[in-house]
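Work through the exercises below with the sequence and the model open. Try each task before reading its solution.

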Amino acid sequence: MEQLTLRHTRRVYAKVDLDAIVSNMKAMKALLPEQTGMLGVVKADAYGHGAVPVARAIEPYVSGFAAATAEEAVQLRKAGLKGLILVLGVTFPEDFEDLIRWDIRPAVFEWEQAEALSRLALLCHKVLHIHLEVDTGMSRIGMKPGEEALELVKRVSCLKGIRIEGIFTHFSRADEKDLSCTEEQLNAFEAFDRQLREQEIRIPLRHCSNSAAIVGGLSSNQLELCRAGIALYGIYPSGEVRKDLAALTPALELISCVSCLRDIGPGTAVSYGGTFVADRPMRIATIPVGYGDGYPRSLSGKGAVLIHGQRAPILGRICMDQFMVDVSYIPDVRNFDEAVLLGFQGGEHISVEEIAEASGGFHYEILCGLNKRIPRVYIREGKAVEIRDYFDEN
Ligand SMILES: *Cc1c(COP(=O)(O)O)cnc(C)c1O
């Protein structure tokens, strides 16, 4: 594996520790009652970590998975993943056949969707399980609880070919210190569910909790399912959520190297636009990564990388494929020396939160943004067990 990896990993790779992901899953499960199941949220290629390897790693611990789109859901099934798979976003009519063929649950909240799904399922002589989405505060998708929604659910529950298996809502502010909005959302959800039960509509799987609610130990964790996204990857949803209940370990590190070294004199400009000009003799290193990999251009002149366990500040603009750092104070730097863009080296650490802060971005977005040009190397018990290089996949 070591020999094999070099061709893929010399320039840059994302090192994904599957043991960390499993341990984050266990830390969250420890906060849930025995009977509460978990959906691993692996949308957006598992927040940049790689949906299939992540899903396989957590499969023994979860009831199923949540994807954002039908394509993502089908990818999981094609990879052989069992268990419940839910599409959190809108599924378009073009993909309804795939839902039935691959046994994937859509989020449903409009009559037209339910009716069309029912018709198609009957045509295929199949029964499709669906989850109803309730909008309690996101104003994104889902039915607003109330009389109209009650009528809608009643009508949907009578449709042949589909079975209402789940009902869920999504919290918009569970990552904040003040949880009053989240409590209101949960109250609205539970009130709606009670109204349904009064009408003899008992939906077996109810779920509201995202990572913030799970790691915060909120009462929505008592329902039948929870949906864990960002915390699975070892990242707290925000600076305001409780960190004392679940100990999380970041699973992804971004590792590159020094590709070129040079000494520059005072007055020398660095990178496009000459936004950085040396005011003294400097030694600078080129790093062969750029915004073409999803490394944020907004880190220009702001971020840093780790070389020999020390911080090397970014000089001037990040290019599409390269950028330069200051190594004047780091002795004996050579070509191909490791440069850590995200993660640990020596006693130093660059977190995704730090990158988000420095770039004016958002930590979830930084991870999702790491794109297909970066190979992923999967680690188990400290050893590389699998490589995914998108350039080898056609
Ligand atoms: C993305 C998403 C989640 C997971 O959110 P995290 O904050 O990453 O845990 C859960 N539910 C829905 C509906 C989502 O869209």
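The exercises cover the ligand site and then the domains. This is a predicted model, in which local features need pLDDT of at least 70 and side-chain atom pairs count only at pLDDT 80 or more, while totals for chains, interfaces and linings use all residues. Residues are numbered from 1 along each chain as its sequence is written, and side-chain values use heavy atoms, without hydrogens and water.

**Exercise 1.** Describe the shell around the ligand by residue class.

Solution. Step one: list the residues with a heavy atom within 4 Å of the ligand; among them are Val-41, Lys-43, Arg-140 and His-170. Step two: sort the shell by class, which gives five nonpolar, four polar and three charged residues. Gly counts as polar and Tyr as nonpolar here.

**Exercise 2.** Find polar contacts (N or O atoms within 3.5 Å) of the ligand.

Solution. Step one: take the side chains. A polar atom of Ser-211 lies 2.5 Å from a ligand oxygen, and one of Arg-227 lies 2.8 Å from a ligand nitrogen. Step two: take the backbone, where a polar atom of Ile-230 is 2.7 Å from a ligand oxygen.

**Exercise 3.** Locate the domains and their contacts.

Solution. Step one: the assignment, automatic or from a database, gives domain 1 (31–233) and domain 2 (252–392). Step two: their C-alpha centres lie 38 Å apart. Step three: with contact meaning heavy atoms within 4.5 Å, eleven residues of domain 1 touch ten of domain 2.

Note on methods. A polar contact is a pair of N or O atoms within 3.5 Å; within protein, one must be able to donate a hydrogen and the other to accept it, and residues adjacent in sequence count only if both atoms are side-chain atoms.
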